[in-house]
Amino acid sequence: MKLTTKYILGALLIGSFSFATTPVAQAQKKPVKEAEKINKKRNRLKADSSPYSKDQLQYDAEFAVAASSSNMLEIALGKLAQQKAIATEVKEWGKRMEQEHGQAEQQLQAIAERACITLPQMMGKDDRGIYDDIDDRKYFGFDKKYMRDLQELHERTIARFADAAAKASNPELRTYAAEMLPKLREHEEITAQLFERASDRK
């Protein structure tokens with residue numbers, strides 16, 4: 001019997017729900033690629049009944065996936081800073097990064113759910129590489145390394161969000177990106193100040 005588009009979409013959504021509730025310990029080894037694979041399949045079906053093209057849907061999904069991975073990296077680094085940083089101000093900054101990017105991720109998850117976008121359950125390979133590189137540093141010098149890499153990370157994130165604020169088709173995603181920009185720029189500015197102080201301490 002020929003499957004209808006509605007039936008296939010429903011099956012994909014069920015599969016996506018099962019994927020989303022998989023425990024982190026059992027999550028896929030390539031979280032970003034797996035999420036992108038699910039989204040590509042769904043977008044091909046959604047394009048038939050959506051006011052947006054397949055390319056527009058794909059852009060939105062790719063932005064959401066990348067933003068989610070970045071949020072998870074910021075949260076994980078924030079926790080790491082609270083454990084390994086020497087300066088109290090760096091520990092406190094790590095705590096703020098954990099909290100604010102945790103809130104940002106919750107907002108993104110809610111938008112993604114309404115838009116039927118699957119997000120990764122763990123950060124992607126590139127973001128994991130950044131985390132591992134910072135975590136590999138000894139306690140001495142951690143503050144400077146963390147702040148330097150965090151500054152570079154925010155530069156990348158700001159560029160991505162500025163692009164999405166102009167190009168995202170989903171209104172909620174576009175608003176999310178636009179509203180996050182001032183906060184991300186503030187994060188970058190404060191991080192630069194903390195990096196200078198960490199460098200001066202040596």
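These notebook entries record what I looked up in a predicted model.

**Basis.** I worked from a prediction in which local features need pLDDT of at least 70 and side-chain atom pairs count only at pLDDT 80 or more, while totals for chains, interfaces and linings use all residues. Residues are numbered from 1 along each chain as its sequence is written, and side-chain values use heavy atoms, with hydrogens and water left out.

**Fold.** I found seven helices and zero strands in the protein chain; helices (H or I, at least four residues) and strands (E, at least two) are DSSP runs, numbered from the N terminus. Of the 202 residues, 44% count as buried, meaning under 20% relative accessible area with a 1.4 Å probe, protein chains only.

**Core.** I then looked up the largest nonpolar core, which has 21 residues; such a core is a set of buried Ala, Val, Leu, Ile, Met, Phe, Trp, Tyr and Cys residues joined through side-chain atoms within 4.5 Å. At least two of its residues come from each of α3 (54-84), α4 (88-114), α6 (142-167) and α7 (171-201). Helix α7 gives the most, six residues. Among the residues with the most contacts inside this core I noted Phe63, Leu108 and Tyr176.

**Surface.** I listed a positive patch of Lys30, Lys33, Lys37, Lys40, Lys41, Arg44, Lys54 and Lys125. Patch residues have over 30% relative accessible area and no salt bridge, with like charges joined within 9 Å. Helix α2 (residues 31-46) supplies the largest share, five residues. I placed Lys30 in the loop between α1 (5-20) and α2. Lys30 is exposed, with a relative accessible area of 53%, the cut-off for exposed being over 50%.

Methods. Patch = residues over 30% accessible without salt bridge, like charges linked within 9 Å, V, L, I, M, F, W, Y side chains within 5 Å. Areas by Shrake-Rupley, 256 points an atom, 1.4 Å probe, with all protein chains shown as cover. Salt bridge = Lys/Arg side-chain N within 4 Å of Asp/Glu carboxyl O. Lys, Arg positive; Asp, Glu negative; His and termini not counted. Charge placed at Lys NZ, Arg CZ, Asp CG, Glu CD.
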